[in-house]
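Visitor: I have a structure open and would like to talk it through with you. Could we take it one topic at a time?

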Amino acid sequence: GYTLSTLKHGSTTMTSGTTYTVGASESISSTATLNQYNLTLTKGTGIGTIYYKVNGASSYSSTTSSTTIKVNYGSTYYVYATASTGYTYTAYTSSSPLSGTMGTSGATYAPSASDVTAPGKPTITRSDYNTFTYSATDGVGVTGYYVSTSSTKPTTSSTWVTTKTYDISSS
């Protein structure tokens with residue numbers, strides 16, 4: 001975990017391959033730096049924010065883009081993500097984050113495409129010349145769609161449906 005930068009016998013910097021005799025009243029001192037390795041955070045499609053906690057931090061930091069974080073060797077890191085609007089993400093959450101201990105190879109967090117569900121689009125089919133059917137068929141919990149001939153945006157009090165058939169022959 002550490003890189004030794006200097007080793008001194010009293011005020012003399014010691015060098016490799018040289019023998020030193022240290023008396024009882026003399027001292028040896030050293031300077032070392034803690035090794036850090038990269039935690040690469042890759043933001044994939046459908047991921048809005050990545051949260052991470054490293055180097056003994058008590059709270060999470062966040063990023064909305066891919067980034068690389070320096071993590072102390074042997075330190076525990078935690079990572080989770082939230083989905084972009086309209087998507088769902090099911091792998092690592094605030095209550096169940098990815099965690100690991102930083103080693104000399106570094107680490108990478110990249111959400112798997114299978115853990116991210118894209119927003120669905122309604123399907124519209126025409127059963128004959130005069131009728132069409134639309135359905136709410138997405139994978140992210142849409143409770144219905146609203147079709148209107150008005151240019152006014154629907155409100156929450158509008159009638160929402162998941163499947164509906166209309167006869168358009170008299171239009």
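Visitor: How many aromatic pairs does a search of the whole structure find?

Guide: The search finds four aromatic pairs. Please keep in mind that this is a predicted model.

Visitor: Take Y51 and Y80. How are their planes and centres placed?

Guide: The ring centres of Y51 and Y80 are 4.8 Å apart and the planes meet at 15°, so the pair is stacked. The pair links distant parts of the chain, since Y51 belongs to strand β5 (residues 47-53) and Y80 to strand β8 (residues 76-83), 29 residues apart.

Visitor: Is Y80 buried or exposed? And what about Y51?

Guide: Y80 has 12% relative accessibility and therefore counts as buried. Y51, at 24%, counts as partly exposed. The cut-off for buried is under 20% relative accessible area.

Visitor: Which residues form one aromatic cluster?

Guide: The cluster is formed by Y51, Y60 and Y80.

Visitor: And Y92 with Y109, what kind of pair is that?

Guide: Y92 and Y109 form an edge-to-face pair, with 6.4 Å from centre to centre and 65° between the planes. This pair too links distant parts of the chain: Y92 sits in the loop between β9 (88-89) and β10 (98-101), whereas Y109 is in strand β11, 17 residues apart. Y109 is buried, with a relative accessible area of 3%, while Y92 is partly exposed at 31%.

Visitor: Since β11 has come up, which strands form the open sheet with it?

Guide: The open sheet has three strands in the order β7-β4-β11, and its pairing is mixed. β7 (67-72) and β11 (107-109) stand at the edges; each has a single partner strand, so one side of each is left without a neighbour in the sheet. On average, neighbouring strands of this sheet are turned by 25° against each other, direction ignored.

Visitor: In which sense do β4 and β7 pair?

Guide: Strand β4 (residues 36-41) pairs with β7 in the antiparallel sense, over six bridges. Within this pairing, Q36 stands opposite N72 in β7.

Visitor: What does the side chain of N72 contact?

Guide: The side chain of N72 makes a polar contact with the side chain of Q36, at 2.7 Å. Leaving aside residues up to four places away in sequence, N72 touches L34, N35, Q36, N55 and M102.

Visitor: Does N72 count as buried or exposed?

Guide: N72 counts as buried, because its relative accessibility is 18% and the cut-off for buried is under 20%.

Visitor: Let us move to the start of the chain. What does β1 pair with?

Guide: Strand β1 (residues 2-9) pairs with strand β3 (residues 28-34) in the antiparallel sense, over seven bridges. In that pairing, K8 has S29 in β3 as its bridge partner. Two bridges also join β1 to strand β2 (residues 12-13), again antiparallel, and here H9 is partnered by T12 in β2.

Visitor: What lies between the strands of the β1 and β2 hairpin?

Guide: The hairpin has two residues between its strands, and G10 takes a positive phi near 70°.

Visitor: Last topic, confidence. What is the mean pLDDT of the chain?

Guide: The mean pLDDT is 80, and 70% of the residues reach 70 or more.

Visitor: Where does pLDDT stay under 50?

Guide: That happens over residues 136-141, for which the model has 16 contacts beyond four places in sequence. Where pLDDT is low, the predicted coordinates should not be read in detail.

Conventions:
Residues are numbered from 1 along each chain as its sequence is written. Side-chain values use heavy atoms; hydrogens and water are left out. Two strands pair if DSSP finds at least two bridges between them. Helices (H or I, at least four residues) and strands (E, at least two) are DSSP runs, numbered from the N terminus. pLDDT is the predictor's confidence in each residue, from 0 to 100. Contact means heavy atoms within 4.5 Å. Axes are lines fitted to C-alpha atoms, for helices over the stretch in contact, and angles run from 0 to 180 degrees between N-to-C directions. Buried means under 20% relative accessible area, exposed over 50%, partly exposed in between (1.4 Å probe, protein chains only). A polar contact is a pair of N or O atoms within 3.5 Å; within protein, one must be able to donate a hydrogen and the other to accept it, and residues adjacent in sequence count only if both atoms are side-chain atoms. Rings of Phe, Tyr and Trp (its six-membered ring) pair if their centres lie within 6.5 Å; planes under 30 degrees apart count as stacked, over 60 as edge-to-face and the rest as tilted.
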